[in-house]
Amino acid sequence: MPDTQQLNDLTTQVRRDIVRMVHKVNSGHPGGSLGCTEFLVALYNEIMEVDTNFKMDGINEDLFFLSNGHISPVFYSVLARKGYFPVEELNTFRLLDSRLQGHPTTHEGLPGVRIASGSLGQGMSVALGAALAKKLNNDTHTVYSLHGDGELQEGQNWEAIMYAAGNKVDNYIATIDLNGQQIDGATDDVLPMGSIRQKFEAFGWDVMEVEKGNDLEAVIAGLKEAKSRTGKGKPVCILLHTIMGNGVDFMMGTHAWHGKAPNDEQLEKALAQNPETLGDY
Amino acid sequence: MKKYTYTEKIDTRSGFGAGLTELGRTNPNVVALCADLVGSLKMQDFINENPERFFQIGIAEANMMGIAAGLTIGGKIPFTGTFANFSTGRVYDQIRQSIAYSDKNVKICASHAGLTLGEDGATHQILEDIGLMKMLPGMTVINPCDFNQTKAATIAIAEHEGPVYLRFGRPAVPNFTPADQKFEIGKAVKINEGSDVTIIATGHLVWEAILAGEKLAEQGISADILDIHTIKPLDEEAILASVGKTGCVVTAEEHNFLGGLGESVARTLAQNTPAPQEFVATQDTFGESGTPAQLMDKYGLNSEAIVKAVTKVLKRK
């Protein structure tokens, strides 16, 4: 297990990767990516048992599914720095003939990706299927997934949420990135969803909250707690309170940077706030 | 005209059920999912024998497609079961992203396709599903013609790596293909050798093509008849060989003429050896309530319609 300093360094480096990737191609989604950096760093480096020698069936491994595929920059950076593919490949993000498509896909054979995502609301169903396969295979590993809060406006999620509780899929932890923002504005303005906690609880899930979703230690503790709640007859939901754009002051807490790349000057500011730690790609 | 007989009339969906039951006994990786239509899809025998390998999803087809995609990640071969309408149009984006684009080994098994669903009417009678599914890159599209062929197709697709759309129906129809006939994905079955006109049919229209061939023979017209159970990948070689011989073609399907088998045949001919073609298919319309026979008659999807189309196409040679 890496120590705290190593994880902090990795987190900072992933933030640098994210802003550099979207800056280079002047497209992509930095806001949600930055907000979920601590979560994905913790998940892949402290929590999950994975084999970076990638096999699609993922038998005898923990699995992660990214449902909100637009935060591909953070996913790609974390996968590359975990060792799934060379970090230099981050340089090809969104370019022609790249394995790092705008949204994650299995189609180009990028190691670490097990499903295409981008069209929202589909990831939980896929994660459930993978969790059910684990049960059939007597594989005791855990399936994780990440979803945007705005993404919960897609109806398929609620089919999956109902199924998971009704069928006691308890080897599964779904995390909701609760940043309160979506493309057109605050989720409360675009389509008020009321209490997401109460909704999951009403559907029969074991729900827990991580209030400091951008604090590595809090995220690690939350994920460990969630893990301890698996195998008890209920799917587990983590409501992860994050700040969109976390770590780059002018991107924080606004939907403005959901899908916008920084210009040259903004890039310099963002990088100055996140000094190089493990070496840029 | 080669003589065809049948021992019984039975629905193609029962062929699917029988095939799935056999797979349950022979392939431990096969799992089945259903969206609240177990009886209609004839899945009960599989469930009785393999309860742990069956997933009742409820009335939630989008979730079913996603769960099926996820099950493949653990090495399973999922067969989803619901009506054709709810297997395609209702869940198109789930199939497109989570199954086709993700190249997942899911078998989408769709019953009650086309007009012969009957009295339930147009909400349930999908006539666009072949088009929807054949447009998806990497998707195999199969529409077998009778019980035996549907059973054989069900068993064959388990051995095929990649997403498959298997389309079958509700009404009892003649079961005339040999029970031991090997099902080869992408290979046309030659129903009759003839020289004047080619008739290419799929699904329930194959039997109608046989009846049409008999009537045409009485008029001294010799029909070369192909059963195209696999619409994608299409057996272009068989089609070109037949039309190369006869010089004209009638296609017959229980589907809209836009996007169906007929268009696939027309494209093949246009790119190789263009030939006059008539389409026995619905003409860009929705269906309606009625008995299957009434509907097939009203919308021109039977042997009489095929004979008429042959008469027309022969004049265009």
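## Strand pairing in chain B

The structure discussed here is a predicted model. Strand 13 (residues 249-256) of chain B and strand 14 of chain B run in the parallel sense, and their pairing extends over 5 bridges.

The open sheet of chain B is built from 5 strands in the order 9-11-10-13-14, with mixed pairing. Its edges are formed by strand 9 (189-192) and strand 14 (277-282) of chain B, each of which pairs on one side only. On average, and with direction ignored, neighbouring strands of this sheet are turned by 20° against each other.

## Helices packed on the sheet

Helix 9 (residues 205-218) of chain B packs on this sheet and touches strand 9, strand 10 (197-201), strand 11 (223-227), strand 13 and strand 14 of chain B. The direction of helix 9 makes about 160° with that of strand 10 of chain B.

Helix 11 (residues 261-271) of chain B also packs on the sheet, where strand 10, strand 13 and strand 14 of chain B are touched. Its direction makes about 145° with that of strand 13 of chain B.

## Contact between the chains

Between the two chains, 28 residues of chain A are in contact with 23 residues of chain B. On the chain B side, helix 4 (61-73) and helix 6 (92-101) each supply at least two residues. Helix 4 of chain B gives the most to this side, with 9 residues. The residues of chain B that touch chain A comprise 10 nonpolar, 10 polar and 3 charged.

## The inter-chain helix pair

Two packed helices are described by the angle between their axes and the distance between the axes. For helix 5 (residues 123-136) of chain A and helix 4 of chain B, the angle is about 45° and the axes are 6 Å apart. The two helices are therefore oblique to each other, and helix 5 of chain A passes helix 4 of chain B in a right-handed crossing.

Helix 5 of chain A contributes A:S125, A:V126, A:A127, A:L128, A:G129, A:A130, A:L132 and A:A133, which meet B:N63, B:G66, B:I67, B:A68, B:A69, B:G70, B:L71 and B:I73 of helix 4 of chain B. The residues of this contact divide into 11 nonpolar and 5 polar, with no charged residues.

## Annotated span in chain A

An unreviewed UniProt entry lists residues 14-269 of chain A as "domain: Transketolase N-terminal". This span is 37% helix and 12% strand, and its end C-alpha atoms lie 16 Å apart.

Conventions:
Residues numbered from 1 in each chain as written. Chains lettered and ligands numbered in written order. Predicted model: local features only at pLDDT ≥ 70, side-chain atom pairs only at ≥ 80, totals over all residues. UniProt positions renumbered as here; feature names shortened; annotations may be inferred. Helix = DSSP H or I, 4+ residues; strand = E, 2+ residues; numbered from the N terminus. Contact = placed C-beta atoms within 7 Å. Nonpolar A, V, L, I, M, F, W, Y, C, P; charged D, E, K, R; others polar. Axes fitted to C-alpha atoms, helices over the stretch in contact; angles between N-to-C directions. Parallel < 35°, antiparallel > 145°, perpendicular 65-115°, else oblique. Left-handed = near helix turned anticlockwise from the far one by under 90°. Pairing = 2+ DSSP bridges.
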